[in-house]
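Visitor: Could you take me through this structure, one question at a time?

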Amino acid sequence: MKTRSLPLLLSPLTALLYITSLTNAQTSPACPSTLNNFVLLDESTVFYYALLPSTATGSNDPPNGILCGRVEHEGEGWISLAVAQTADEMVGGEAIIGLPDENSVLKYEMTGKSTNFVTPMAESMQTLWDESIVQEDGKTIMTFAKWLVEENELEIAEGRNDFLFASGSSNTLAYHAARMGISVDLMAGEWDVLTTTTSTEAAMMDETTTLTTTEAAMTTDVTTIAAATTDIATTTEAPMMNDPTTEATIATSEAASTEAATTTDAIATTLTTTTIASEGLDCTVDFCENELTSGYLQRYKVNIPEGQDPENCEGCSILMELIFEGEAWLSIGFSEDGNMIGSEAVIGVPGGTPQKYIMNGYALNLVELLPEEQQTLTDASITATNGQTIMKFTKLMSEPGEIEIVYGENRFLWAHGNDATLAYHGNNRAA
């Protein structure tokens, strides 16, 4: 399965705004301030990037483009992004490795699987610019800019490339705590996860491994409307992977099934289940409540027309409120199988009106508005005041061509952003 992000392809005219000087072919242009493309490297790491193709950089002798990158990893340790001949082969690859304690981001050759065969390239080949590595709030962030074509190095194509990502459990370069092999089309913004390894062994490995769980990220809960009993599946993994603060996706995950154990385009997750009971409440009379996560409350009430049976109801609707401690976009989704892809969601952005969406993929451009004739929400609003965001709407429980909300057990997917701009939700999701 291919996954897409929003491609940032700069036109020649736009890219020239970032060029600091064109006095010679290898003058280093400045990267754009926003990197709108992203790749999910693993469950705790996102690679944001912008591709400035050779036609946009003014570098014509030879033609040369630029890759501007930022790797954000939920954890403290060294991180590496390597260009590889194949995504399942470390040896022969060339890596950009950030070492926080040394405050260094350098290019390395990888001629073997142990760390003594991972060596910095010659000083004359250390041509990165805008490079940095910082650690803050338990996160490690590495930035860099690199020419696509450099003498005696693996070329980065303006289309599809194989990359290897690795991270350590400490700031000292050693065996990687996690590794991901991934194929990325930089121009189209598509990627495929090919291999992944996680281990505590003490030597670098080069194995092809498949993931053992399901898709990357909002996760899933099961809410019982009738008795206000909710089974909440909560992930313990570190993202969906920044949030993209400028990049976008809304995703979900659930516990692994036998079929999912062979999936190679997914992110491994671990789920725990907790049962919360609010017995004695009639959700057709009183609002029932479900704390989605700390500071994020779901309230709902089922409206049953007079003379209708709640178990087989025509015209039944659900009044839903989401109350979030913070000012951000909010989402509540409806799923038949607990997965994000194929689910439907109500998404609200402060300053706008909540609307219904179909979730065709993880990237923002695959989260699509349902047609106008299906925008049937009533009393829909979202407000952000005094540090709190409240979204309200009423939705018919059964609508043609849409996932039905039943008077019983349902799978709800939720997410929220870190601000009022719809973008990737990071760890802020579950089901």
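**Disulfides and a sheet**

Visitor: What is the S to S distance in the disulfide that joins C283 to C288?

Guide: Happy to start there! This is a predicted model, where local features need pLDDT of at least 70 and side-chain atom pairs count only at pLDDT 80 or more, while totals for chains, interfaces and linings use all residues. Residues are numbered from 1 along each chain as its sequence is written, and side-chain values use heavy atoms, without hydrogens and water. A disulfide here is a pair of cysteine sulfur atoms within 2.5 Å, and C283 and C288 form one with an S to S distance of 1.9 Å.

Visitor: Is the disulfide of C283 and C288 left-handed or right-handed?

Guide: Buried means under 20% relative accessible area with a 1.4 Å probe, protein chains only, and C283 counts as buried at 0%. The torsion about the S-S bond is about -100°, so this disulfide is left-handed.

Visitor: Which residue does C31 bond to through a disulfide?

Guide: The partner lies 37 residues away, in strand β4 (residues 66-74); strands are DSSP runs of E, at least two residues long, numbered from the N terminus. The S to S distance is 2.1 Å, and the partner of C31 is C68.

Visitor: Which strands stand at the edges of the open sheet of five strands?

Guide: Strands pair if DSSP finds at least two bridges between them, and the order in this antiparallel sheet is β2-β3-β4-β10-β9. Two strands have a single partner each, so one side of each is left without a neighbour in the sheet: β2 (37-42) and β9 (129-136).

Terms used: Helix = DSSP H or I, 4+ residues; strand = E, 2+ residues; numbered from the N terminus. Buried < 20%, exposed > 50% of the residue type's maximum accessible area, 1.4 Å probe, protein only.
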